[in-house]
Amino acid sequence: MNLENSQNYYGEVLQGSADLKTDACCTLDAPPPSVMDLLRNVHDDVRARYYGCGLVAPQAIEGANVLDLGSGSGQDAYLLAQMVGEHGSVTGVDATPAQLAVAREHEEWHRERFGYAKSNVRFIEGDIEKLGDLDLAEGSFDVIVSNCVINLVADKKAVFDAAYRLLKPGGELYFSDVYSERRVPEGLRDDPVLHGECLSGAMYWFDFIAAAKAAGFLDPRLVTSRPLGINDTAIAAKLDGIAFHSATARLFKLPELEMLCEDYGQAVRYKGTVAGEERVFVLDDHHRIKAGRMFPVCGNTWKMLADSRFAEHFEFFGDFSTHYGIYPDCGTLFPLAGAVPAVASGGGCC
């Protein structure tokens with residue numbers, strides 16, 4: 001039922017982002033200038049059918065092979081196509097034919113706009129709950145992204161499990177989605193409007209953490225979060241005051257990570273070499289690492305930087321020979337503590 005709801009809502013009911021009844025499927029925060037410059041190279045028709053809730057533009061992906069789950073009309077795919085460069089690739093998977101038609105229609109336009117000899121983007125029709133049915137090789141992607149789509153599927157565990165299989169060692173699942181402060185009642189799951197507005201399928205934050213860890217992503221990290229606005233009175237009444245957040249998380253395929261953040265007396269020093277983050281590198285919402293300064297880290301953070309594409313951008317100090325106990329104020333933070341439903345605001349990408 002969820003797939004049918006999604007195909008109808010995003011293919012027929014919505015003709016553009018202005019038709020949305022909440023800001024759940026909108027990106028309200030202005031992207032950084034470097035990303036805005038790239039978005040100006042995306043066709044207007046593609047941008048008009050954008051329904052993402054966050055910014056899926058992970059750092060340092062030049063030359064990477066990227067998979068976009070729920071690629072829709074292609075805005076994120078065409079943004080990432082510029083970030084990975086002509087020698088990287090972006091594969092978009094979506095289950096809504098009307099959205100795929102928009103993305104494919106403008107493939108050649110974007111190739112010419114980017115100045116590439118051949119397109120580095122392809123779009124596949126498919127259900128992200130059944131990625132194993134598609135022509136996608138295991139361990140073939142450096143980064144997997146998704147923007148406000150996992151909430152739309154019923155079997156979220158299947159998505160996390162497949163993402164882990166498809167990633168290379170040290171690869172990353174970097175995605176934005178909608179989360180709730182408590183579990184949404186089962187009776188609301190199949191409401192077509194609540195589902196299409198990314199609310200009835202929202203993950204309870206701690207259910208997300210459990211599912212991510214069960215798939216092998218042992219230390220999920222929260223990057224950004226914001227409260228969602230529900231300015232439709234009928235929708236607000238159905239949800240009975242449940243608070244929702246849009247949040248971006250990053251999950252690394254590093255099986256040696258520990259379940260908790262442990263202290264080994266380690267530190268890193270950022271070289272300032274990641275494009276767009278020359279002064280401060282942002283790993284997550286409480287790891288903002290200034291260039292040139294010694295920055296103490298837990299063992300897990302050390303491995304996220306040392307055993308991933310970020311290794312060349314850091315110097316590493318210490319080892320794992322001495323354990324000092326639990327590391328204070330680290331790991332995944334809960335984004336909804338004390339949250340209340342927000343009033344929708346204007347601006348952003350919608």
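In helix α7, the residues F160, D161 and Y164 meet F208, A211 and A215 of helix α9, where contact means heavy atoms within 4.5 Å. The residues of this contact divide into five nonpolar, no polar and one charged; Ala, Val, Leu, Ile, Met, Phe, Trp, Tyr, Cys and Pro count as nonpolar, Asp, Glu, Lys and Arg as charged, and the others, Gly among them, as polar. Helix α7 covers residues 156-166 and helix α9 covers residues 205-215, and the two pack at an angle of about 35 degrees with their axes 9 Å apart. Axes are lines fitted to C-alpha atoms, for helices over the stretch in contact, and angles run from 0 to 180 degrees between N-to-C directions. Helices (H or I, at least four residues) and strands (E, at least two) are DSSP runs, numbered from the N terminus.

This is a predicted model, in which local features need pLDDT of at least 70 and side-chain atom pairs count only at pLDDT 80 or more, while totals for chains, interfaces and linings use all residues. Residues are numbered from 1 along each chain as its sequence is written, and side-chain values use heavy atoms, with hydrogens and water left out.

An open sheet is formed by three strands in the order β13-β10-β14, with antiparallel pairing; two strands pair if DSSP finds at least two bridges between them. Strands β13 (294-297) and β14 (314-317) stand at the edges, each with a single partner strand, so one side of each is left without a neighbour in the sheet. From one strand to the next, the twist averages 30 degrees. Strand β10 (residues 266-270) pairs with β14 over four bridges, and F314 in β14 is the bridge partner of Y270.

Helix α11 (residues 299-306) has seven of its eight residues buried, so it is largely enclosed by the rest of the structure. Buried means under 20% relative accessible area, exposed over 50%, and partly exposed in between (1.4 Å probe, protein chains only). Among the buried residues of α11 are W302, K303 and M304.

R250 is found in strand β8 (residues 244-252), and at 1% relative accessibility R250 counts as buried.

| Partner of the R250 side chain | Distance |
|---|---|
| Side chain of Q59 | 3.0 Å |

Not counting residues up to four places away in sequence, R250 touches residues including E172, D219 and R309.

Definitions and conventions:
Polar contact = N/O pair within 3.5 Å; in protein donor to acceptor, adjacent residues only side chain to side chain.
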